[in-house]
Each structure stands twice: as C-alpha cells, then as structure tokens.
Amino acid sequence: MVTSFEVWSLKFSVSAVDFFNQVNLLHGTLTEFCTPETCPTMTAGPKYEYRWADGVQIKKPIEVSAPKYVEYLMDWIESQLDDESIFPQKLGAPFPPNFKEVVKTIFKRLFRVYAHIYHSHFQKIVSLKEEAHLNTCFKHFILFTCEFGLIDKKELAPLQELVESIVIPY
C-alpha cells in the first residue's frame with residue numbers, strides 16, 4: 001500500500017526537477033549580463049542579500065557574486081537530485097524522513113534566483129522578449145509553492161506584491 005508521504009514525495013521529486021530546469025534555463029539566458037562585475041553580491045533589491053552555504057563544504061554562509069551563488073545553487077540542487085538516498089530512482093524505494101525539508105530548501109533557494117532576476121535583470125528580460133516566459137514560469141512556481149506551503153511567507157518578501165498579484169485573485 002502506498003502512503004500519502006510516498007505520493008507527496010513522488011509529486012515533489014518530479015516537480016523539483018522541473019522547476020530546477022526552468023530556473024536554470026531562465027538564468028542561463030542572462031549569463032552575459034549577470035556577471036561578478038554587474039552583480040557582485042546575490043541580492044533581490046537593496047533590502048535582501050543572500051549568502052551561500054551548503055552545510056558540507058561551506059558551512060558558514062559566505063558572500064558571493066550572484067552568478068557564483070547561482071552556480072553553487074545549481075550544483076547543490078543537482079547533487080541533491082542525483083543522491084538516491086534523497087531522491088530515490090527505483091520505484092518503491094523509500095524517501096528519507098527529512099525529504100520535505102530538503103525540498104523546501106530547494107524551493108526557497110530557487111525563489112531567490114527568481115527574486116534576483118526580477119530585481120536586477122527584468123529590463124534585460126524585457127529587451128530579450130522573455131518576460132512572458134519568465135512570468136508564466138514564476139506564476140506556476142508560486143502557485144505550486146503556495147499550494148503546498150513550501151516557502152515561508154517571510155522568504156517571499158522581496159517579491160511580495162508580485163506574489164500577491166498571483167495568489168490573491170484565486
């Protein structure tokens with residue numbers, strides 16, 4: 001018999017991969033514009049700065065440029081997704097008890113990339129005619145994370161108005 005935790009875990013493992021790929025692709029279109037020179041720190045406007053720590057190689061959060069943060073993040077998420085003790089590949093293999101916390105950390109950190117893109121690169125996204133794609137991906141991401149409580153409300157603060165415009169109408 002399949003438990004609700006297993007059903008939840010399968011849904012979120014597939015969704016984590018999809019959202020990871022979307023954010024990676026979106027940020028990838030900005031690599032020539034999001035550089036250590038243009039974005040020396042990972043920010044989402046003047047009030048929000050994100051520091052990197054993976055808990056293994058970098059235990060104490062460090063200040064890094066936005067592209068370095070995204071690089072560390074994408075490598076970290078990929079290592080989580082590839083770790084069969086966290087994201088089992090075999091049907092029926094158990095998910096770890098801390099699976100939800102790992103997924104929540106992935107989604108929280110992916111949100112930070114969206115926040116950086118909107119705050120630091122939205123005009124470039126518009127000039128590349130990618131805003132419809134960005135907005136659609138972000139809307140899907142926000143509706144999913146809000147539906148399942150994956151990101152604490154305080155983490156959404158850098159894009160609070162945008163998030164509310166997506167969630168409140170429903």
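Glu78 lies in helix α2, which spans residues 66-82; helices here are DSSP runs of H or I with at least four residues, strands are E runs of at least two, and both are numbered from the N terminus. The model is a predicted one, in which local features need pLDDT of at least 70 and side-chain atom pairs count only at pLDDT 80 or more, while totals for chains, interfaces and linings use all residues. Residues are numbered from 1 along each chain as its sequence is written, and side-chain values use heavy atoms, with hydrogens and water left out.

With a relative accessibility of 41%, Glu78 counts as partly exposed, a class that falls between buried (under 20% relative accessible area) and exposed (over 50%), computed with a 1.4 Å probe and protein chains only. Glu78 also belongs to a surface patch of negative charge, where it gathers with Asp75, Asp82 and Glu84. Such patches are made of residues with over 30% relative accessible area and no salt bridge, like charges being joined within 9 Å and nonpolar side chains (Val, Leu, Ile, Met, Phe, Trp, Tyr) within 5 Å.

Phe20 is found in helix α1 (residues 4-28), and at 6% relative accessibility it counts as buried. Setting aside neighbours within four places in sequence, Phe20 is in contact (heavy atoms within 4.5 Å) with Met74, Ile77, Glu78, Leu81 and Leu110. Between Phe20 and Ser165 there are 145 residues of sequence separation and a C-alpha to C-alpha distance of 23 Å.

Thr145, placed in helix α4 (residues 131-147), is buried with a relative accessible area of 1%. When residues up to four places away in sequence are not counted, Thr145 touches Phe107, Leu150 and Ile151.

## Salt bridges

How many salt bridges does the rule give? The count comes to four, where a salt bridge is a side-chain nitrogen of Lys or Arg within 4 Å of a carboxyl oxygen of Asp or Glu. Pairs among them are listed here.

| Pair | N to O distance |
|---|---|
| Glu49 and Arg51 | 3.3 Å |
| Glu71 and Lys68 | 3.5 Å |
| Arg112 and Glu155 | 3.6 Å |

The side chains of Arg112 and Glu155 meet in a salt bridge. Arg112 lies in helix α3 (residues 99-127) and Glu155 in the loop between α4 and α5 (160-167), so this pair ties together parts that are 43 residues apart in sequence. Arg112 counts as buried at 11% relative accessibility, and Glu155 counts as buried at 16%. Elsewhere, salt bridges that share partners join Glu49, Arg51 and Glu63 into one network.

## A positive phi in a loop

Lys129 is placed in the loop between α3 and α4 and is exposed, with a relative accessible area of 73%. The phi of Lys129 is near 60°, a positive value in a residue other than glycine. Most residues other than glycine have a negative phi.

Terms used: Areas by Shrake-Rupley, 256 points an atom, 1.4 Å probe, with all protein chains shown as cover. Lys, Arg positive; Asp, Glu negative; His and termini not counted. Charge placed at Lys NZ, Arg CZ, Asp CG, Glu CD.
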